[in-house]
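Here are my notes on the model you asked me to look through.

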Amino acid sequence: MFTGLSAFPLTPLTDKGIDEKAFVRLMERLAEAGVDSIGALGSTGSYAYLKHSERDRVARLAVEHARGIPVMVSIGSVRTSDVLHLAEDAQRAGVSAVLLAPVSYQKLTEDEVFTLYETVSRHLSVPLCVYDNPATTHFEFSDALYARIAQLPHVGSIKIPGLSADPLTTRQRLAALRPQVPAHVTLGAAGDLAAATVLTEGGDVWYSVIAGLFPEIPLAITRAAQRGDAQTAQALSAQLEPLWALFRSHGSLRVVAAAAEILGIVSAPCLPLPLQSLSGDARQHLTSVLDTLFQH
């Protein structure tokens, strides 16, 4: 479940709610490409902005249209009781795994985060991926906390932020963390920009934003890394540098949402307000980038 390429699609919205037809189109693209798993309702999927019923519906649509590809959904929420309800719904929908970030309004302590994962793990029958996303949660995991949580039942992977595109730095980081977690717990790249390096320097899985819309090049990067061809993996990643530059400037969600709108895969606007995709000069630049990368 937690190896290879895990693609994270958008959850397109309209003023009436979930754009189910557009979401199914995104799922069909991923199923046709043959990604290793699908991470519906991740941050790219706007899970934190959706109602409980909307999250349940998206989970069911994802499983229904994944054509047998394992589906993971986020169960993150501010209250533990809500997390448990979301976990129950996700498992009832037939997901293969759940993704959990320590979502909060008040900043959490390490003991509070550990208790969250301990409580949730006792109510699961599917694997759990630890979602470390300090850019949204404002909580930073220590390696010691990774190690404690990784010992809990059902924990199968850690989605690690901030890994470097420098091979030596990433190799050392993963080598230092690997002995602290059980052998069955995989280590994955949370960011697209360094993913080729992570996969070729000891990482197990790429949790990918860009693959949720354009899975082909990320799949080629992943397969090259899996066969030990670091040169090809890095060369393919370098081809996407115009997108990586936009990610760095504007954030991956806004860029991918704008790309999906430009290509007509989703309606515009597709993000939950107050979030907005790219506009003005940035949107025009993205249009040129897409034409260069994907239209020829």
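1. Which strands does helix α4 lie across? Helix α4 (residues 110–121) lies across β6 (97–100) and β7 (128–131), and runs at about 165° to β7. Angles here go from 0 to 180 degrees between N-to-C directions, using lines fitted to C-alpha atoms, for helices over the stretch in contact. Contact means heavy atoms within 4.5 Å. Helices (H or I, at least four residues) and strands (E, at least two) are DSSP runs, numbered from the N terminus.

2. Some housekeeping before going on. This is a predicted model, in which local features need pLDDT of at least 70 and side-chain atom pairs count only at pLDDT 80 or more, while totals for chains, interfaces and linings use all residues. Residues are numbered from 1 along each chain as its sequence is written, and side-chain values use heavy atoms, with hydrogens and water left out.

3. Now the overall sheet. Eight strands make a closed barrel in the order β1-β4-β5-β6-β7-β8-β9-β10, with parallel pairing. Two strands count as paired if DSSP finds at least two bridges between them. On average, neighbouring strands of this sheet are turned by 25° against each other, direction ignored. As background, strands of a sheet pair through backbone hydrogen bonds, either parallel or antiparallel.

4. Next, where β1 meets β10. Strand β1 (residues 4–7) and strand β10 (residues 205–208) run parallel and are joined by four bridges. Ser6 has Tyr207 as its bridge partner in β10. Helix α9 (residues 216–226) lies across β1 and β10, at about 155° to β1.

5. Then there is β6 and its two neighbours. Strand β5 (residues 71–74) runs parallel to β6, with three bridges between them, and Val73 has Val98 as its bridge partner in β6. On the other pairing, β6 and β7 are also parallel over three bridges, and Val98 is partnered there by Leu128 of β7. The chain goes from β6 through α4 to β7 in a right-handed β-α-β crossover. Right-handed means that, with the strands pointing away from the viewer, the path from the first strand over the helix to the second runs clockwise. β5, helix α3 (residues 80–93) and β6 also make a right-handed β-α-β unit.

6. Which way do the β6 side chains point? Ala97 and Leu99 go one way, Val98 and Leu100 go the other, and all are buried. Buried means under 20% relative accessible area, exposed over 50%, and partly exposed in between (1.4 Å probe, protein chains only). In a regular strand the side chains alternate between the two faces of the sheet.

7. On to helix α3, with Leu86 as the example. Leu86 sits in helix α3 and counts as buried at 8% relative accessibility. Not counting residues up to four places away in sequence, Leu86 touches His52, Arg55, Ile75, Gly76 and Ser77.

8. Helix α7 (residues 167–177) deserves a look too. Its buried residues are Thr170, Leu174 and Leu177. They cover an arc of only 65° around the axis, so they sit on the same side of α7; the arc is that of the directions from the helix axis to the C-beta atoms. The buried residues of α7 pack against α6 (143–150), β8 (155–160), β9 (186–189) and α8 (195–200). In helix α8 you'll find Thr197, which is buried with a relative accessible area of 1%. Leaving aside neighbours within four places in sequence, the contacts of Thr197 include Thr170, Pro167 and Gln234.

9. Last, the aromatics. The structure holds six aromatic pairs. Rings of Phe, Tyr and Trp (its six-membered ring) pair if their centres lie within 6.5 Å; planes under 30 degrees apart count as stacked, over 60 as edge-to-face and the rest as tilted. One of the pairs is Phe8 with Tyr207, edge-to-face at 6.1 Å centre to centre and 90° between the planes. This pair links distant parts of the chain, 199 residues apart: Phe8 is in the loop between β1 and β2 (13–14), and Tyr207 is in strand β10. Phe8 is buried at 3% relative accessible area, and Tyr207 is buried at 2%.
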